[in-house]
Amino acid sequence: MARLSILLLAAIVAVSSAFVPATNTAVRATHQVAFAPKISEQSSTTLFAEDMTWEGEYPPSKVLGPIMSKMPSSTLAIISMVSLGVCAYSCVQSGLLLREPGAVEDGSWVKWYYIVEGLGGPLAWGTHVASWIQRKNGM
């Protein structure tokens, strides 16, 4: 029991350390090592992500990333509807397989392609939100 308590305490300390503010603990070496690759100095702006905050009802298109920010709203809406249709199809087909006798006992109702098609639901939600953002931004 004592080992379990120590293990749990160590896990709690490790998890809680994620919420401690980061300190600058990196120390630069003052001497050159012959076999170490030389890292060129980069500007500090290229190391940080662009600020994605916004004012108002809807965000700018840049929050959608480099690909979806250039897609029109109608294309994203079509992708959303197709994804929702694929997800609904997989749910219906899985439901039909559940009705077969003995399908639950041997697991034959679980098909990998219906599981993959079921991922269309979250994709449909994300693309419909992206379509709304693009429509609000006039694209």
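Cys87 is buried, with a relative accessible area of 13%, where buried means under 20% relative accessible area, exposed over 50% and partly exposed in between (1.4 Å probe, protein chains only). The structure is a predicted model, in which local features need pLDDT of at least 70, side-chain atom pairs count only at pLDDT 80 or more, and totals for chains, interfaces and linings use all residues. Residues are numbered from 1 along each chain as its sequence is written, and side-chain values use heavy atoms, with hydrogens and water left out.

**Overall make-up**

- The chain has 6 helices and 0 strands, with helices (H or I, at least four residues) and strands (E, at least two) taken as DSSP runs and numbered from the N terminus.
- Of the 139 residues in the chain, 16% are buried.
- Among the contacts in the chain with a separation of 6 or more, 73% are between residues 24 or more positions apart, a contact being heavy atoms within 4.5 Å.
- The chain exposes about 11400 Å², of which carbon and sulfur atoms supply 68%; accessible areas come from the Shrake-Rupley method with a 1.4 Å probe, and for residues only the protein chains shown count as cover.

**Cysteines**

- A search of the whole structure finds 0 disulfides, a disulfide being a pair of cysteine sulfur atoms within 2.5 Å.
- The closest cysteine sulfur to that of Cys87 belongs to Cys91 and is 4.3 Å away, which is too far for a bond.

- Helix α3 has 26 residues and reaches 38 Å from its first C-alpha to its last, close to the 38 Å expected at 1.5 Å a residue; the expected span is 1.5 Å times one less than the number of residues.
- The buried residues of α3 are Ser73, Leu76, Ser80, Ser83, Cys87, Ser90, Ser94 and Leu97, and they pack against α2, α4 (103-106), α5 and α6.
- Helix α6 (residues 120-136) has 17 residues and reaches 24 Å between its first and last C-alpha, close to the 24 Å expected at 1.5 Å a residue.
- Buried in α6 are Gly120, Ala124, Thr127, Ala130, Ser131, Ile133 and Gln134, which pack against α2 (65-68), α3 (73-98) and α5 (112-118).
- Ser131 in helix α6 is buried, with a relative accessible area of 8%, and, leaving aside its neighbours within four places in sequence, Ser131 is in contact with Ser73, Leu76 and Ala77.
- Just after α6, Gly138 takes a positive phi of about 85 degrees.

**Salt bridge**

- The structure holds 1 salt bridge, meaning a side-chain nitrogen of Lys or Arg within 4 Å of a carboxyl oxygen of Asp or Glu, and the side chains that meet in it are those of Glu57 and Lys136 (3.7 Å, N to O).
- Because Glu57 lies in the loop between α1 and α2 and Lys136 lies in helix α6, the pair ties together parts that are 79 residues apart in sequence.
- Glu57 is exposed, with a relative accessible area of 58%, whereas Lys136 counts as partly exposed at 30% relative accessibility.

**Surface patch**

- Met1, Leu4, Leu7 and Leu8 make a nonpolar surface patch of about 480 Å²; patches are made of residues with over 30% relative accessible area and no salt bridge, like charges being joined within 9 Å and nonpolar side chains (Val, Leu, Ile, Met, Phe, Trp, Tyr) within 5 Å.
- Leu7 has its place in helix α1 (residues 2-16) and is exposed, with a relative accessible area of 57%.
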